[in-house]
Amino acid sequence: MELENVIYEVSDGVATITLNRPQAANAQSHEALAELDQAWQAADRDPAVKVIIMRSNGKHFSAGHDMSRTKDDAEPETWPAEKLYDWEMRGYLHYAKSWRAVPKPSIAAVQGKCIAGGLMLCWPCDLIVAADNAEFSDPVLALGICGVELHAHTWELGPRKAKELLFTGEPIAAAQAQQLGMVNRVVPLDELETATMALARRIARNDAVALRMAKRAVNHTLDLQGYTNSIDSIFDMHHFGHARAQVVTGGIPVLTGLAGMKGKGSNKGKGSDKGKGEA
Ligand code: ZN
């Protein structure tokens, strides 16, 4: 496996998947996402792996999706609506759903900022350990959309906090995320790695099939309550938002409000923070 943006390691039954783009605050390029998926698949296939850790190097867990560039295509903000829909379905949404479905326990270790698409790296995991400086946010109403592609907000936070997170765009701190049940444990930043590994090794002492069935039991319960169906249908609301924003602004607005944009044509190239924290 040749990886440029991700580090994949296996030791003592624990696979560690590390997103390694600290220079970009771990914004998720298309290539990085494909490599993350390769690593998840490798962990799934390897019988020596019983538990998976998803983490990232650097100050921040992830600044979200990086749409600023693709290897062999135009910038996504110039894509027609159907092409964007197709990519976000096959890329963002499918990745998140398939990582959730890997039949082995997974733990996300989150430090610093976890913005928008960053949530789609930790929410698919079964457990979340947060550093005491972790902050979770989804400030994408400014792009005209109702949250990131994976609408797990209501399941993760409950309806009122989900609405507050979306309406205000303000972050939820680690301690509050733990109170809400979104985070399992909060630890000092310098203990994040060791605490996560200790938890993974504790879980890995159990029987692999029993772990698999325990995970399946909880996820199946959520699915019977409508988890996957609601996420699939809300994905289309998300794309109504993208399509409308394209019509109003002439392109996908990047971290800017829709108000006053009409008639200004394409905003391509607008904004110094282009491509960071993108949805
Ligand atoms: Zn989107």
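**A walk through the chain**

Colleague: How many helices and strands are there in the chain?
Modeller: The chain has nine helices and nine strands, taken as DSSP runs numbered from the N terminus (H or I over at least four residues for helices, E over at least two for strands). This is a predicted model, where local features need pLDDT of at least 70, side-chain atom pairs count only at pLDDT 80 or more, and totals for chains, interfaces and linings use all residues. Residues are numbered from 1 along each chain as its sequence is written, and side-chain values use heavy atoms, with hydrogens and water left out.

Colleague: What percentage of the residues in the chain is buried?
Modeller: Of the 279 residues, 51% are buried; that means under 20% relative accessible area, with exposed over 50% and partly exposed in between (1.4 Å probe, protein chains only).

Colleague: Changing topic, how many aromatic pairs does a search of the whole structure find?
Modeller: The search finds five. Rings of Phe, Tyr and Trp (its six-membered ring) pair if their centres lie within 6.5 Å; planes under 30 degrees apart are stacked, over 60 edge-to-face, and the rest tilted.

Colleague: Why is the pair of tryptophan 87 and tyrosine 92 edge-to-face?
Modeller: Because their planes are at 75°, with the ring centres 5.4 Å apart.

Colleague: Are tryptophan 87 and tyrosine 92 buried or exposed?
Modeller: Tryptophan 87 and tyrosine 92 are both buried.

Colleague: Which residues do ring pairs link into a cluster?
Modeller: Trp40, Tyr95 and Trp99.

Colleague: Now the largest pocket. How much space lies in it?
Modeller: About 550 Å³. On a 1 Å grid over the protein atoms alone, a pocket is an open set of points where a 1.4 Å probe fits, with protein on both sides within 12 Å along at least five of seven lines. Its volume is the space filled by probe spheres set on the points, which are joined across faces, edges and corners.

Colleague: Which residues that line the largest pocket are the closest to its centre?
Modeller: Of 22 lining residues (those with an atom within 4 Å of a point), the closest are Cys125, Asp126, Leu127, Val218 and Asn219.

Colleague: And which element gives the most to that lining?
Modeller: α8, with six residues.

Colleague: Last one: where does asparagine 20 lie?
Modeller: Asparagine 20 is in the loop between β2 (14–19) and α1 (30–45). Leaving aside neighbours within four places in sequence, asparagine 20 is in contact (heavy atoms within 4.5 Å) with Asn5, Val6, Ile7, Asn26 and Asn57.
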